[in-house]
Amino acid sequence: MNDHPVIARIRLNPHSRDVQRDLRDATQMHRTVMRMVPDNLGNAPRQQAGLLYRLEETDTSSTLLVQAATLDPACLPAGYGQADVKSLAPMFTALRKGLGVRYRIVLNPAKRERLSLEERGKRGRIVPLSGAEADQWWLRRAAEVGLDLHVLTSTSMEPARPRGRDASGMRHSLLRYDGTATVTDPDALTAAVVHGIGRGKPYGAGLLSLAPATTA
């Protein structure tokens, strides 16, 4: 896979029925963004394409960020939105140890439930984390991928709700983290940006955005 993916910033058309459907249904949103990557990618097409996405909503607009090795916004439904695509290669080139950055990521912090000795051999449920536990989870993961966090501000997001006949009915809890950090390992950080972080990637989690930290 290309180590220098591209990212599309799509300003969604609020009058589009396809957009309205996708905003209600995380499964449909995933299907729509997958239309932008090539066909015939095997049994794990999202992973093969390196596709990650994040929905950003304000009171007046909705913007969809989609990252992959290659993207073709022309494959989106007609009237879906206005797309601007750019390469992430310049950002990767700029990453160096000691660089101050601003970051944003939506995550699905979770842990596997510990079972009793009597249940040894079984796998525990995946339990979503919140509050201080979720913050500590992100602090640990950030350190593992080459970020020394200085500031982390969490915002609870609307849970992702897969719908449809084949959906499990499970809600995927999402938290957005914004803040500042220092790069400690550019190679590990590059890999994290390319592959995403944590669970819930088909539902809009895991896409890490970075920008140079502004200095006063």
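**Overview of the chain**

Of the 216 residues in the protein chain, 42% are buried (under 20% relative accessible area with a 1.4 Å probe, protein chains only). The model is predicted, so local features need pLDDT of at least 70 and side-chain atom pairs count only at pLDDT 80 or more, whereas totals for chains, interfaces and linings use all residues. Residues are numbered from 1 along each chain as its sequence is written, and side-chain values use heavy atoms, without hydrogens and water.

The protein chain holds six helices and ten strands, taken as DSSP runs (H or I, at least four residues, for helices; E, at least two, for strands) and numbered from the N terminus.

**Helix 1 and helix 2**

Two packed helices are described by the angle between their axes and the distance between the axes. Helix 1 (residues 17-24) packs against helix 2 (residues 26-34) at about 125 degrees, and their axes lie 5 Å apart. Axes are lines fitted to C-alpha atoms, for helices over the stretch in contact, and angles run from 0 to 180 degrees between N-to-C directions.

**Surroundings of helix 2**

Helix 2 is largely enclosed by the rest of the structure, because seven of its nine residues are buried. These are A26, T27, Q28, M29, T32, V33 and M34. The buried residues of helix 2 pack against helix 1, helix 3 (45-49), strand 2 (52-57) and strand 3 (62-68).

Conventions
Buried < 20%, exposed > 50% of the residue type's maximum accessible area, 1.4 Å probe, protein only. Contact = heavy atoms within 4.5 Å.
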